[in-house]
2 protein chains.
Amino acid sequence: MTFDPWGATKITDYEHAFKKFGLEKFDKAKFPIDHYLFRRNLIIAHRDFGKYYDRIKSKKTFLQLTGIASSGNLHFGHKVDIDLFRVFKDLGAKGYFCVCDLDAYTSRPDKKIPDLKTAKEYAVKNTAHLIAFGFTSKDIYVQSRKSSRYYEFVFEISKKITSNMFEAVYGHKDLGKVSAVLLQLADIIHVQLPEFFGKNPSLTGIGLDQDPHAKITRDVAKRLPYDIETPSFIYFLHQSGLKEGSKMSSSEPATAIFLDDSPDVVKKKINRTFTGGKDSVEEQREKGGNPDICKVYEFFRFHHPDDSYLVNLGKECRSGKILCGECKGNCVKFINDFLEGHQKKYKKALPEAKKIVYG
Amino acid sequence: MTFDPWGATKITDYEHAFKKFGLEKFDKAKFPIDHYLFRRNLIIAHRDFGKYYDRIKSKKTFLQLTGIASSGNLHFGHKVDIDLFRVFKDLGAKGYFCVCDLDAYTSRPDKKIPDLKTAKEYAVKNTAHLIAFGFTSKDIYVQSRKSSRYYEFVFEISKKITSNMFEAVYGHKDLGKVSAVLLQLADIIHVQLPEFFGKNPSLTGIGLDQDPHAKITRDVAKRLPYDIETPSFIYFLHQSGLKEGSKMSSSEPATAIFLDDSPDVVKKKINRTFTGGKDSVEEQREKGGNPDICKVYEFFRFHHPDDSYLVNLGKECRSGKILCGECKGNCVKFINDFLEGHQKKYKKALPEAKKIVYG
């Protein structure tokens, strides 16, 4: 065992659940992928990653498919998905990042996404962000603009899920959500059809809460009348919200930093963020802070590219050498420096994004 | 009231059901459409045909959409659907005849349609028959080859049917059949979208057993976030099977004359057909036959273009002047004369049909 500066406590919490649901713990020694998402234990589990990793090592074809529902503006919680897509693309994966407008409309309540028009407007914004992250029209597709082969595949899939399978997994059969699930299954599996990249191991990164989708996808893939590899999945930790005990969610803007937040908004949000600080400066100088529960530290853990910065920050925090105010200031600067460049690229990318969404 | 040589008994049987389900009896005096399907009471009921008929009279735009699932070979039972499409096309209707390959695959059991490939092979045959009936690639579409606007509309519809609505109508929520229903709804309604023909009264002809589809289609049309007319429906009598008490069905070849049956097969099937004849020649000469229960007479009623031929045949049958053998011989000749010309056109149409189905 090598020294692990990122702590393994959170993973231990999940081990019981892993066994129960048939997930495997992600073993960094077995799958040494050189990226901070992996080094920092942000990738916690997998299904069938072994055969995928073999392809990476042997440099044979391997695929990936990742998606986001275009049901709101993107925040840094979504960035993990995007960063992960970049990791495997750089390793040589073929595949797509799917902007799921049909899925967003059919699965979200009307008060959130009242019509397809709204989902498409978000799709334009999300796509422009993806381009700003360095992807091109070859990497991205929008569900509503796929070829008819994709759609007929959605309907083929519908015949291979029984009503009982669906209800067992999702506990209901809301027809809009049925559509969304069929689309998600088609997204993940269609890359292996002869008309796309053909039979090859494929990978999708998801949060643990998405595991029911992974299981049903793998079940359905085995039932389809095509020669395809059962898709592999890796599971990332979700970045939590900025408030104590919250999820980063676009429905609650104060819990998240959005990719289009202004420098002032970022500053306000980070200044209000829950930290591991003590009640007084004196106490914190003496006893130190607690990065394990600090949302600012968590932000750096999910997004700062430099491991040594984090290791050092953790030490300085625990020792009381750095206080929350200074640390927050560094975080505001880190985020705003990133967003300044990103938002310039985003604005430039909007016309291309519109073309991808509307044709 | 004018004299009605076709008898109204069968319609009276339905009147209770009509009231119960909210259907209106088709009134020939109110809607005088000059075609034997209408003159002979083969069109028995409607929903909201009045506003449609007004458009026919005023020569403003009116639409139609008819479909057949490509789950088998076409027989003369299907021809009613096709004849009806021709009637409204000749009156000036815009719209399409849909060859439903996705619907056929998703809604039929695997042993009937094991894969989409099979549904498409039937789609080619069905399409070639439609071309032989005089339609062109502008009149026909195949579900699996529609534009992405059509497919996204299918998913939009899924959000507007609640699980309870679906289960109340169909008694189950088999997901393949859910797909089939969503596709059928999209077929009937999409013609009114701005990207197709825009808001206009539209008509679909169906059998009485299909009324649940009509009701759900009209319900959903009202819930969609588009300005569209609630679709109208007319209901035709199904031609029954050649055997006593049977339905004309492609699953039971002996009950139906197929559009690709050979002259010998037609002869054999008609000779075995149930008639209204008596046990002996003598008895029939004396008491006459009964065209009301005769499947040969029914065949002429559904397909012979000449009213006077039928009126005369009915009289000669009842009086004992014509016997079943002679009548069957006439029927064989009538069918084979038609099929000879039709099958020539069908063979010529196959390459174009392939192009429509496979692109």
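A residue counts as buried when its relative accessible area is under 20%. By that cut-off, five of the seven residues of strand β3 (residues 63–69) of chain B are buried, so this strand is largely enclosed by the rest of the structure. The structure is a predicted model.

**Strand β3 of chain B and its partners**

- Strand β3(B) is joined by seven bridges to strand β4 (residues 94–100) of chain B, and the two strands run parallel.
- Within this pairing, B:I68 stands opposite B:V99 of β4(B).
- Together with helix α4 (residues 76–91) of chain B, strands β3(B) and β4(B) make a right-handed β-α-β unit.
- Strand β3(B) is also joined to strand β6 (residues 202–207) of chain B, in this case by two bridges, and these strands likewise run parallel.
- The bridge partner of B:Q64 in β6(B) is B:L203.

**Helix α3 of chain A**

- Helix α3 (residues 49–58) of chain A has the buried residues A:F49, A:Y52, A:Y53, A:R55 and A:I56.
- Seen down the axis of α3(A), these buried residues fall within an arc of 155°, so they line one face of the helix.
- The elements of chain A against which the buried residues of α3(A) pack are β2, β3 (63–69), α4 (76–91), β6 (202–207) and β7 (232–236).
- Just after α3(A) comes A:K59, which takes a positive phi of about 60°.

**Residues in loops**

- In chain A, the loop between α2 (36–39) and β2 (43–47) holds A:N41.
- Although A:N41 is not a glycine, its phi is positive, at about 60°.
- The relative accessibility of A:N41 is 5%, so this residue counts as buried.
- In chain B, the loop between β2 (43–47) and α3 (49–58) holds B:D48.
- B:D48 is not a glycine either, yet it has a positive phi of about 65°.
- With a relative accessible area of 26%, B:D48 is partly exposed.
- Another loop of chain B, between α10 (211–223) and β7 (232–236), contains B:L224.
- B:L224 has a relative accessible area of 5% and is therefore buried.
- Apart from its neighbours within four places in sequence, B:L224 is in contact with B:F153, B:E156, B:I157, B:K160 and B:I189.
- One of these contacts, B:I157, is 67 residues from B:L224 in sequence, while the C-alpha atoms of the two are 7.3 Å apart in space.

**How chains A and B meet**

- Two copies of a chain are related by a rotation about an axis and a shift along it.
- At the interface, 34 residues of chain B are in contact with 34 residues of chain A.
- Between them the two chains bury about 2700 Å², of which 63% is on carbon and sulfur atoms.
- On the side of chain B, the residues that lose the most area to chain A are B:F155, B:K159 and B:L175, which together account for 29% of what that side buries.
- Of the interface residues of chain B, 100% are also interface residues in chain A, so the copies meet through the same surface.

Methods: Residues numbered from 1 in each chain as written. Chains lettered and ligands numbered in written order. Predicted model: local features only at pLDDT ≥ 70, side-chain atom pairs only at ≥ 80, totals over all residues. Heavy atoms only, no water. Buried < 20%, exposed > 50% of the residue type's maximum accessible area, 1.4 Å probe, protein only. Helix = DSSP H or I, 4+ residues; strand = E, 2+ residues; numbered from the N terminus. Pairing = 2+ DSSP bridges. Right-handed = clockwise from strand over helix to strand, strands pointing away. Contact = heavy atoms within 4.5 Å. Arc of directions from axis to C-beta. Buried area = accessible area lost by both parts, 1.4 Å probe.
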